[in-house]
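This report is written for a reader who is meeting the structure for the first time. Please keep the sequence and the model at hand while reading.

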Amino acid sequence: MSTRNPTPIIRYDSVPTDAYFFGTCVLDIFMPEAGMDAMTLIEQQGIRMHFPMGQSCCGQPAYSSGRPKEAFDVAKAQLDLFPENWPIVVPSGSCGGMMKHHWPTLFKGTPYEQKAIELSERVIEFTHFLLAIGYQPQDKGEPVKVAVHTSCAARREMNVHLSGWQLIDSMENVERIVHDHESECCGFGGTFSVKHPDISGAMVTDKVAALKATEATEIISADCGCMLNIGGKIAKDEPDMPAPKHIATFLLERTGGKA
């Protein structure tokens, strides 16, 4: 999946009073605390968050596996969940990319096309949303060195490696260490890791080795699928390394907002 026009980093003319949260299926099942931390951080900025309980998957796994009919059915079930004209915040660049850039194509020529286009225009990734509302993290933590992993879809479709870097670099006591595999895929790729486990395993081995070489005390990501893959490799083969942490949790902890 790719796009020629990655999402530009924008800033709202006025801060919205309300926003929807699309939690993504991976986050909801495996890392719900990261989703709660993301919503808490946004609510601390005075914005009411709304979590439609009927939400499930954006359709990306089926879409990237060449099954548009299954992707259509899954994505269609989400279209009526966001009726108000509020931003739809997504804590994953890959899922955000599917909704923003591929839903209009998926629903093209169907009765749902216009609704999909309208929804796609309101989709915004979590770190991008924080910058768009003018959020400036006030770092209250001790000095720390962090390494960042940004998913390949997040980079090429949503530009959210830029927004994540900007948030982290603005924190007084945080040093971001760049590693030599930062722009490379971790090997997860959704169904790719299931279809090609040997290739996926080699890719995550290289990724973890590069992260280890930084000697960072925190590993930060904004994509839970990547976190599962990298975290699984670390737990199995590098137990002394820190487990990956979602950037929402990292920001909430560093700014003193997490009990």
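## The loop between α5 and α6

Gly109 is placed in the loop between α5 and α6; helices here are DSSP runs (H or I, at least four residues) and strands are runs of E of at least two residues, both numbered from the N terminus. With a relative accessible area of 70%, Gly109 is exposed. In this report buried means under 20% relative accessible area, exposed means over 50%, and partly exposed lies in between, with a 1.4 Å probe and protein chains only. From C-alpha to C-alpha, Gly109 and Gln166 are 39 Å apart in space and 57 residues apart in sequence.

The model is a predicted one, in which local features need pLDDT of at least 70 and side-chain atom pairs count only at pLDDT 80 or more, while totals for chains, interfaces and linings use all residues. Residues are numbered from 1 along each chain as its sequence is written, and side-chain values use heavy atoms, with hydrogens and water left out.

## Helices α5 and α6

Helix α5 covers residues 93–106 and helix α6 residues 113–122; their axes come within 8 Å and cross at roughly 165°. Such axes are lines fitted to C-alpha atoms, for helices over the stretch in contact, and the angles run from 0 to 180 degrees between N-to-C directions. α5 and α6 are therefore roughly antiparallel to each other, given that angles over 145 degrees count as roughly antiparallel, under 35 as roughly parallel, 65 to 115 as roughly perpendicular and the rest as oblique.

On the α5 side the contact is made by Met99, Lys100, Trp103 and Pro104, and on the α6 side by Ala116, Ile117, Leu119, Ser120 and Glu121; contact means heavy atoms within 4.5 Å. By class, the residues of this contact of α5 with α6 divide into six nonpolar, one polar and two charged. Ala, Val, Leu, Ile, Met, Phe, Trp, Tyr, Cys and Pro count as nonpolar, Asp, Glu, Lys and Arg as charged, and the others, Gly among them, as polar.

Ser94 is found in helix α5 and counts as buried at 9% relative accessibility. Neighbours within four places in sequence left aside, Ser94 is in contact with Gln60, Ser151, Ala153, Ala154 and Asp223.

Leu106 is also found in helix α5 and is buried, with a relative accessible area of 10%. Not counting residues up to four places away in sequence, Leu106 touches Tyr63, Pro68, Ala71, Phe72, Ala75 and Met98. Between Leu106 and Arg156 there are 19 Å in space, C-alpha to C-alpha, and the two are 50 residues apart in sequence.

## Helices α11 and α12

Helix α11 (residues 197–213) packs with helix α12 (residues 224–237) at an angle of about 75°, and their axes are 10 Å apart. That makes α11 roughly perpendicular to α12. α11 contributes Ser200, Val204, Thr205, Lys207, Val208 and Leu211 to the contact, and α12 contributes Asn229, Ile230, Lys233 and Ile234. This contact of α11 with α12 has five nonpolar, three polar and two charged residues.

## Helix α13

Helix α13 (residues 247–254) is mostly covered, with seven of its eight residues buried. The buried ones are Ile247, Ala248, Thr249, Phe250, Leu251, Leu252 and Arg254. Just after α13, Gly256 takes a positive phi of about 80°.

Most residues other than glycine have a negative phi. Asn159, although not a glycine, has a positive phi of about 60°. Asn159 lies in the loop between α8 (152–158) and α9 (160–169) and counts as buried at 16% relative accessibility.

Glu215 is not a glycine either, and has a positive phi of about 60°. Its place is in the loop between α11 and β7 (218–221). At 67% relative accessibility, Glu215 counts as exposed.

## Cysteines

A disulfide is a covalent bond between the sulfur atoms of two cysteines. Where a disulfide is taken as a pair of cysteine sulfur atoms within 2.5 Å, the count comes to zero. Cys25 is in no disulfide, and the nearest cysteine sulfur, that of Cys57, is 3.8 Å away. Cys25 counts as partly exposed at 25% relative accessibility, whereas Cys57 is buried, with a relative accessible area of 15%.
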